[in-house]
Amino acid sequence: MSTTGTEPQWMKCLLESLKSNPLPESTFLQLASVGADNTPNVRTVVFRGFEQQLLSFTTDLRSDKVKDFQIQPIVECCWYFTSTREQYRIKGKVLVCDGNDNDEKLNISRMECWNRLSVFTKAQFESATPGQIQDEKEQIRGDPLNNFGFCLLNPTNVDYVSLKLMKREKNILHNGEWIINTVNM
């Protein structure tokens, strides 16, 4: 059976999952992209909240994942909550804001996210270039904010599984409406 609606049921469910799994590691999810060599790249990112119906996370603008997003902005993340035994696989397009976006609201959201980060997390953006061979002579200089990317994932497909309830739902965005299908496990 299918149901339709403009309100994303998956988002309400995800917020409830976060509430039911209050440990800090519940905000960690795995994000997969495709690299220049046409192979998958997976890494862990930290969920920073919702911007309307978009999931936000941060990245160092010098990282390989930003290059991946430029080549192929369609990504998929997998998020598992151990306490409630729920999994979300969320597919969509990623937008990276470097602070020079034409959308001023996006630039403001980026700064609000930056201001919420811990001192330790901010310091990571002024460290050496991620993924490069360590060079003790590399000079770290400049404003760490210049390396700070605010990423938004715009979901188009959400596959939700509850192992506890033995339930699986596929949520697909079609012409601006979310279509929900209960499918076999």
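Modeller: Start with the lining of the largest cavity: seven nonpolar residues, one polar and no charged. Keep in mind that this is a predicted model.

Biologist: Which residues line the largest cavity?

Modeller: Leu29, Leu31, Val45, Phe47, Leu55, Ser56, Phe57 and Leu153. E2 and E5 each supply at least two residues of that lining. E5 gives the most, with three.

Biologist: Now the pockets. What is the volume of the largest pocket?

Modeller: About 290 Å³. The lining has 15 residues, and Thr59, Asp60, Lys65, Gln124 and Phe125 lie nearest the centre. By class, four are nonpolar, seven polar and four charged.

Biologist: Which element gives the most to that lining?

Modeller: E3, with four residues. Strand E3 (40-46), E5 and helix H4 (119-124) each supply at least two.

Biologist: What about the second largest pocket?

Modeller: The volume there is about 250 Å³. Its lining includes Glu51, Gln52, Asp103, Lys105 and Phe150. The classes are six nonpolar, two polar and three charged. Helix H3 (104-116) and E8 each supply at least two lining residues. H3 gives the most, with four.

Biologist: On to the core. Which residues touch the most other members of the largest nonpolar core?

Modeller: Leu14, Leu55, Trp79 and Ile90, out of 24 residues. Helix H1 (9-20), strand E2 (28-34), strand E5 (54-60), strand E6 (74-81), strand E7 (86-97) and strand E8 (148-162) each supply at least two residues of this core. Apart from it lies another core, of 10 residues, among them Cys97, Leu145, Phe148 and Leu152.

Biologist: Which residues does Leu55 touch?

Modeller: Leaving out residues up to four places away in sequence, Leu55 touches Trp10, Leu14, Phe47, Gly49, Phe50, Trp79, Ile90, Cys151, Leu152, Leu153 and Pro155. Leu55 also lines the largest cavity.

Biologist: How do you know that E6 and E7 pair?

Modeller: Pairing needs at least two bridges, and eight join E6 to E7, so the two strands pair. They run antiparallel. Cys78 has Arg89 in E7 as its bridge partner. The two strands form a hairpin with four residues between them. Arg85 in the turn has a positive phi of about 55°.

Biologist: How many bridges join E7 to E8?

Modeller: 12, and the strands run antiparallel. At least two bridges are required, so E7 and E8 pair too. Val94 stands opposite Leu153 in E8.

Biologist: What makes E9 and E10 a pair?

Modeller: Six bridges against a requirement of at least two, so strand E9 (residues 167-174) and strand E10 (residues 177-182) pair. The sense is antiparallel. His174 stands opposite Glu177 in E10. Two residues lie between the strands of this hairpin, and Asn175 in the turn has a positive phi of about 55°.

Conventions
Residues are numbered from 1 along each chain as its sequence is written. This is a predicted model: local features need pLDDT of at least 70, side-chain atom pairs count only at pLDDT 80 or more; totals for chains, interfaces and linings use all residues. Side-chain values use heavy atoms; hydrogens and water are left out. A nonpolar core is a set of buried Ala, Val, Leu, Ile, Met, Phe, Trp, Tyr and Cys residues joined through side-chain atoms within 4.5 Å. Buried means under 20% relative accessible area, exposed over 50%, partly exposed in between (1.4 Å probe, protein chains only). Contact means heavy atoms within 4.5 Å. On a 1 Å grid over the protein atoms alone, a cavity is a set of points where a 1.4 Å probe fits but cannot get out, and a pocket is an open set with protein on both sides within 12 Å along at least five of seven lines; lining residues have an atom within 4 Å of a point. Grid points are joined across faces, edges and corners, and a volume is the space filled by probe spheres set on the points. Ala, Val, Leu, Ile, Met, Phe, Trp, Tyr, Cys and Pro count as nonpolar, Asp, Glu, Lys and Arg as charged, and the others, Gly among them, as polar.
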